[in-house]
Structure formats: structure tokens, C-alpha cells
Amino acid sequence: MHDLIQFVISIWVPLVCAVVIVAVLPLVAGYIVLMERKVMADMQARLGPMRVGPHGLLQPIADALKLLIKEDIIPDEADKAIFWVAPLISVTAGMLAMSALAIGPWFQIADLNVGLLFIVGIGALGIFGIVLGGWASNSHYSLLGALRSAAQLVSYETAAGMAIVGALLLAGTLSTREIIMTQSDYGVWFVFAAPVGFFIYVVASIAETNRAPFDLPEAESELVAGYMTEYSGFRWALYFLAEYTNMVVVASIATTLFLGGWLRPFASTPAFNFLDYFPTALLVFVGAYCFYRAPKQPVKVQQMFMVVLGLGMFLVGAILAAPLIGRVNDLLPGLKPGLHGAFWFLLKVGLYIYLFMWLRFTFPRYRFDQLMRLGWQFLIPLSIVNVMGIGVALVLHRQWGWSHWTAFPLTTILTLAVAGWLGWAGEKKEKEHVFVGEQ
């Protein structure tokens with residue numbers, strides 16, 4: 001019996017996780033797009049999608065159906081085989097990179113001892129889909145977008161990699177599960193030990209995923225749509241799915257490395273155990289809001305939809321509340337870490353993606369020379385200094401016996417001083433360049 005249970009755990013659990021990712025992720029990406037449109041509308045004092053379903057909640061379904069039946073156009077002079085396979089490369093790389101992510105103690109396809117290296121390596125293959133798609137389109141706009149994307153990835157992958165190295169120095173392992181458990185042993189998330197590294201990774205991850213204000217590879221103002229100019233229908237949708245999948249991947253990496261993974265805030269502090277009730281309270285609040293909005297819907301079907309959605313929120317809240325009952329927790333001790341861990345992980349990923357949206361609708365698009373200058377003259381030198389600072393802090397702590405709260409703040413202050421100097425030097429050089437150009 002024990003062997004049968006081990007077989008099920010080792011074979012069927014990863015298989016179910018893989019099926020869930022492949023089946024659910026496109027739907028999740030569609031609703032991330034809806035959330036992005038709603039956030040943009042809120043920032044611009046308008047409503048956003050409202051026609052399809054209550055408050056536009058069924059808009060992603062309508063968009064998917066539209067893209068499925070839309071005409072698929074391939075340019076006459078395009079390399080048809082590469083044109084066809086390029087979007088598949090991007091979306092496959094994004095989904096495959098998720099296989100080593102530890103979304104919770106229960107939900108992980110493969111617990112690799114080099115998991116983070118696998119995620120970064122597979123995720124970087126997505127650029128081949130963009131470059132091949134731009135080249136195969138036989139369009140100057142598409143080719144320029146592909147070249148921009150390649151240059152951008154090379155520039156910011158280096159800074160992101162150095163930021164990851166800084167976190168790995170703290171963790172001492174490449175296993176995503178072990179990185180999270182190391183933060184539990186430390187009693188503090190790595191974002192507090194390496195805030196500069198977290199900042200570097202945030203900026204680099206925005207550039208890696210071609211998100212505004214670094215969306216130069218698909219800039220509509222000068223490249224129409226960049227590497228996607230000649231794509232239409234569902235192939236175009238695959239590129240969008242790849243972009244939003246990569247957003248989830250980089251957000252998951254940041255959550256794993258810097259934000260404690262599936263750990264709740266202050267997980268090692270008993271005084272904050274009341275946060276265990278936050279998941280249930282949040283879902284109950286959302287469910288109550290759905291019931292509050294239901295009578296205000298103009299169509300009866302929409303009212304019923306809101307009621308069903310509210311009941312679903314209550315049901316999930318009850319499931320998350322079950323491990324908080326002493327008898328249930330004693331009977332199934334792994335239930336609480338599994339359910340609550342997945343909730344906290346997904347909540348942190350959602351907030352990280354919301355940061356992407358907030359930045360997109362706040363900052364104007366960079367010029368390409370500004371993009372390259374930020375990567376090569378600021379982020380890469382700063383990331384190297386950050387790794388050196390973390391190494392010095394670890395030596396001070398482990399070899400010389402300094403406290404965490406003394407060694408890491410000291411090296412962080414020194415790293416910030418270097419960042420200030422790099423910013424000042426870069427601004428001075430840009431002013432000199434502008435002055436010489438005017439002359």
C-alpha cells in the first residue's frame with residue numbers, strides 16, 4: 001500500500017499539475033488581460049470592458065472565441081514553416097519554465113536540485129520564437145522588432161542574472177523549494193537582505209518580458225506592432241499568451257527568491273498568526289461584494305452569474321478555513337501549508353503583475369538609446385556591486401560574527417551610494433552628449 005501511495009505521488013501528482021498548467025494558464029492569461037484593461041480604465045477615469053458578462057467578466061471568453069474564428073493570414077513571401085512554428089516556441093518555453101516552480105508545498109511538477117537554473121535557461125529560449133517570427137515574416141518592421149528584442153534581452157538578462165546570483169548567495173542552493181525553506185530558517189524574506197537586488201530584478205524582468213515602458217520590440221508608434229506585425233488570429237494570440245506566461249514566470253521567480261515563496265508574512269513570528277485568517281476573510285469579503293452587486297445587474301443572467309461567483313468565493317473561503325480547525329489540522333497536518341501556501345504564493349505573484357500594470361500606465365516609453373544606457377551603464381555595474389556587497393555581508397556575518405541587522409544594512413547603504421554615483425555620472429554624461437549635439 002505504501003509503495004502504491006508513493007507511485008501515485010511520484011507519477012500522477014506531477015502529471016495532474018502539468019495538465020492544470022496547460023489547461024488553466026491560457027484562461028488565467030485572459031483574465032490578466034482583463035484585469036490590465038480594468039486597471040488602465042480606472043487610472044484613466046473610465047469603466048473599461050463592461051458589455052460581455054457582469055462588469056465584463058466574460059470578455060476573455062469572447063476574445064478567445066473571436067481569435068479562434070478570425071482569419072489566419074500568412075504573407076506570400078514569408079518562410080511559412082518558421083512563421084508557423086515561431087509562436088509555438090515562445091509559448092512552449094514559457095509553459096515549460098513553470099514546471100520547476102514551487103507554487104506551494106503541494107503544487108510542483110519537478111523538484112530539481114538545479115530548478116532555478118532550469119527555469120532561467122528554458123525561459124530564455126522564448127527569445128528564439130520572437131527572433132524567428134520577426135525574420136520569417138519578411139517585413140522590415142518585424143525584423144527591426146526582433147532585433148530590438150534580442151538586444152534588449154541580452155542587455156537585461158545579464159543584470160537579472162546577477163540579481164539572481166545575489167539571492168543564491170543567501171540561499172546556497174538552486175532548488176526553488178530549498179530557497180523558500182532557507183528564507184523560513186532565516187526568519188526574514190531575502191528582499192530585506194538584498195533590496196537593491198530585488199529592484200534590479202524588477203526592472204530587468206520588465207525589460208525581459210517586453211513590457212512598457214520597455215516595450216520597444218513591439219512599439220506601435222514606429223514599428224506598427226514590431227515582431228508581431230504580420231501575425232493575426234490565433235498565432236497572434238499565442239505570442240500574447242507567451243508574453244503573459246513569461247510575466248507569471250518572472251513574477252514567480254521574484255516571489256521565490258525575494259518574497260518568501262509560499263510563506264505568509266512574518267511566518268516565524270507567533271504574534272502574527274492572526275494572518276492565517278486573512279485568506280478566508282479576503283474571499284468572504286469578495287463573495288459578499290458579489291452578492292451586494294448582484295441585484296444591481298441589468299440582466300437576470302448577469303445577476304445569477306454574480307450569485308454563483310459569490311457562492312464560489314464562499315466555498316473556497318470555507319476550504320481555506322478548514323485547516324484552521326484544530327481537529328481537521330490534527331487529522332491532515334499537511335493541509336494548511338498546502339492550501340495556504342498556494343494562496344500566499346499566488347497573491348504575491350498577482351501583486352507583482354499588478355506592479356507591471358501600474359508601471360505601464362505611469363511611465364512613458366523609453367527611447368532605445370535610453371533603454372540600452374540604463375541596462376549597460378547603470379543596472380549591470382550596479383548588479384555587480386550588489387553581488388559583491390552581499391558577499392561582503394555574508395563574510396562579515398559568517399566569518400566575523402556580525403549580526404544580520406548590522407552587516408546587510410551596511411553593505412546595502414554602500415550599494416545605494418554606488419547607485420547614486422552611477423545615476424549622477426550617467427545624467428552628467430547625457431547632458432554633455434546633448435550639449436555636444438546642439439553645438
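Helices here are DSSP runs of at least four residues, numbered from the N terminus. The model is predicted. By that count, the protein chain has 17 helices and 0 strands. Its radius of gyration is 24 Å, close to the 22 Å that the globule rule gives for 439 residues, so the chain is as compact as a globular protein of that length.

**Overall build**
- Along the principal axes, the C-alpha atoms fill a box of roughly 80 × 65 × 50 Å.
- Buried residues make up 43% of the 439 in the protein chain.
- Take the contacts between residues at least 6 apart in sequence: 76% of them join residues at least 24 apart.
- The protein chain exposes about 22,300 Å². Carbon and sulfur atoms supply 72% of that area.

- Helix H17 spans residues 404-438 and contains Thr411.
- Thr411 has a relative accessible area of 6%. Buried means under 20%, so Thr411 counts as buried.
- Beyond its neighbours within four places in sequence, Thr411 contacts Gly389, Val392 and Ala393.

**A nonpolar surface patch**
- Leu27, Ile61, Leu65, Leu68, Ile69 and Phe234 form a nonpolar patch on the surface. Together they have about 610 Å² of accessible area.
- Helix H2, residues 59-69, gives the most to this patch, with 4 residues.
- Ile69 is a patch member and sits in helix H2.
- The relative accessibility of Ile69 is 73%. The cut-off for exposed is over 50%, so Ile69 counts as exposed.

Notes. Residues are numbered from 1 along each chain as its sequence is written. This is a predicted model: local features need pLDDT of at least 70, side-chain atom pairs count only at pLDDT 80 or more; totals for chains, interfaces and linings use all residues. Side-chain values use heavy atoms; hydrogens and water are left out. Patches are made of residues with over 30% relative accessible area and no salt bridge: like charges are joined within 9 Å, nonpolar side chains (Val, Leu, Ile, Met, Phe, Trp, Tyr) within 5 Å. Accessible areas come from the Shrake-Rupley method with a 1.4 Å probe; for residues, only the protein chains shown count as cover. A salt bridge is a side-chain nitrogen of Lys or Arg within 4 Å of a carboxyl oxygen of Asp or Glu. Helices (H or I, at least four residues) and strands (E, at least two) are DSSP runs, numbered from the N terminus. Buried means under 20% relative accessible area, exposed over 50%, partly exposed in between (1.4 Å probe, protein chains only). Contact means heavy atoms within 4.5 Å. The radius of gyration is taken over C-alpha atoms; the globule rule is 2.2 Å times the number of residues to the power 0.38.
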